[in-house]
Amino acid sequence: MLRSTQQTTRDLRRHNRSALLSRLYLDGPGSRLELMQASGLSSATVSNVISDLISDGMVAEAGSVDSDGGRPRTLLQVRADYGNVVGVDIGETHVQVGLFDCTLNTLDTATYPIADTKLEPEQVAQLVVQGIAEVTASSDSASLLGVGVGVPGAVLSDGLVHAPTLKWSGVPLVSMLRPLVNAPLYVDNCARTLGQAEMWRGAGRDASRAVIALLGVGVGAAVATGSDSYRSATSVTAEWGHTVVQVGGAACRCGSCGCLEAYVGAEAVLARYGKALSASDTESRLVELAGLPDPDAQRVIAETAEYLGIGISNLVNMLNPDKVVLSGWVSAVLGPSVLAAVRDTVKRHALPYLFAQTEIELGQLGNAEVALGAATLPVLQLLATGARPA
């Protein structure tokens with residue numbers, strides 16, 4: 001009975017730490033009174049938990065704000081220097097590794113092309129380890145809270161990765177990396193982690209249900225639902241790129257025909273242009289294509305916007321999101337020039353009352369967005385437990 005009581009008390013304490021830490025992390029600085037009102041916890045509980053979080057170095061006082069007729073209230077915030085996290089983006093064209101502080105400000109990045117690896121898992125894993133070592137070389141290893149890795153595929157409960165765009169089937173990535181990474185390791189689908197980052201720090205912050213579209217060589221999406229209590233996000237991934245938008249259409253890498261990815265994926269866009277470009281790698285070639293005044297290039301980009309709009313209209317009709325966010329490096333290259341055309345296509349194909357409720361925006365997280373998304377994995381663990389990983 002004593003053990004059960006101790007367990008219950010410990011669980012309650014952890015829950016309260018998690019609740020208040022999450023509130024400060026996701027909503028920004030707040031006073032003890034605001035935390036009490038938002039959480040429903042008593043004044044004494046909030047005071048005790050905050051004292052513990054300050055003592056542990058996770059939270060600090062951050063000035064004060066005037067109150068209505070009373071003494072100024074002290075503001076509290078999560079300390080950015082409490083620890084660092086690493087995020088790794090394993091993409092179809094590169095491995096990008098980012099070092100971020102506890103509140104996800106970028107401290108350093110390293111990017112490695114992976115064409116020479118021929119996507120062999122062992123060589124890609126070595127680049128991941130090399131990148132982690134590079135970005136953490138000048139920081140204290142004790143400050144590292146964890147490493148998150150985003151992959152363009154499914155990560156099963158046994159740690160096996162199925163990533164068709166990398167031609168990986170049942171790759172034991174987690175067991176390959178864990179002995180080589182001296183920190184807690186978390187691996188998940190990159191669209192899901194990017195969705196988390198956009199809901200926390202990007203275009204999805206004010207959304208209750210958002211679709212985060214990840215546009216690259218492959219095409220994926222995450223459906224993220226924000227929680228009213230802590231604005232954290234739960235998300236599920238969708239193989240949106242393999243929904244059919246053209247019966248009997250272009251062949252897709254998945255073996256089917258007419259998939260959305262076969263029209264808006266980077267390599268598909270370049271193949272449809274069909275002319276030689278001076279740049280050698282996929283990303284540079286798409287940038288070059290986007291800047292061409294060539295009528296054929298402009299036609300291909302216009303077609304891409306049309307197909308992308310059709311794909312988004314299907315999402316709007318099926319999921320009724322209040323926001324669709326276009327992220328990923330293809331979105332960064334083409335998004336500013338095609339966004340108006342994409343919105344027009346969605347307006348023509350989505351049900352009017354659903355379109356009226358949906359905003360379509362570009363992602364806001366910059367070049368390291370997928371690595372930043374992966375970095376949310378160790379932060380999520382920190383918020384869930386209210387404590388540094390053991």
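## Basis of the description

Helices (H or I, at least four residues) and strands (E, at least two) are DSSP runs, numbered from the N terminus. The model is a predicted one, in which local features need pLDDT of at least 70 and side-chain atom pairs count only at pLDDT 80 or more, while totals for chains, interfaces and linings use all residues. Residues are numbered from 1 along each chain as its sequence is written, and side-chain values use heavy atoms, with hydrogens and water left out.

## Overall architecture

The protein contains 13 helices and 16 strands. Its C-alpha trace spans about 70 × 50 × 40 Å along the principal axes. The radius of gyration, taken over C-alpha atoms, is compared with a globule rule of 2.2 Å times the number of residues to the power 0.38. For 390 residues, a compact globule would have a value near 21 Å, and the 23 Å of the protein agrees with this.

Contact means heavy atoms within 4.5 Å. Among contacts between residues at least 6 apart in sequence, 61% join residues at least 24 apart.

## Surface and charge

Residues are classed as buried under 20% relative accessible area, exposed over 50%, and partly exposed in between (1.4 Å probe, protein chains only). Of the 390 residues, 51% count as buried. The protein exposes about 17,700 Å², of which carbon and sulfur atoms supply 52%; accessible areas come from the Shrake-Rupley method with a 1.4 Å probe, and for residues only the protein chains shown count as cover.

The mean positions of the 28 positive and 38 negative charges lie 6 Å apart. Lys and Arg count as positive and Asp and Glu as negative, whereas His and the chain ends are not counted. Each charge is placed at NZ of Lys, CZ of Arg, CG of Asp or CD of Glu.

## Two open sheets

Strands of a sheet pair through backbone hydrogen bonds, either parallel or antiparallel. Here, two strands pair if DSSP finds at least two bridges between them. Two bridges join β1 to β3, and Ser 31 stands opposite Leu 75 in β3. Five bridges connect β2 with β3 (residues 73-78), where Val 65 faces Arg 73 of β3.

Strand β9 (residues 161-163) is paired with β10 over two bridges, and the bridge partner of Ala 163 in β10 is Trp 168.

## Two helix residues

Thr 282 belongs to helix α9 (residues 282-290). With a relative accessible area of 13%, Thr 282 is buried. Leaving aside residues up to four places away in sequence, Thr 282 touches Thr 93, Val 217, Ala 266, Glu 267, Leu 270 and Trp 329.

Ala 384 is part of helix α13 (residues 369-385). At 47% relative accessibility, Ala 384 counts as partly exposed. Ala 384 and Gly 150 are separated by 234 residues in sequence and by 19 Å in space, C-alpha to C-alpha.
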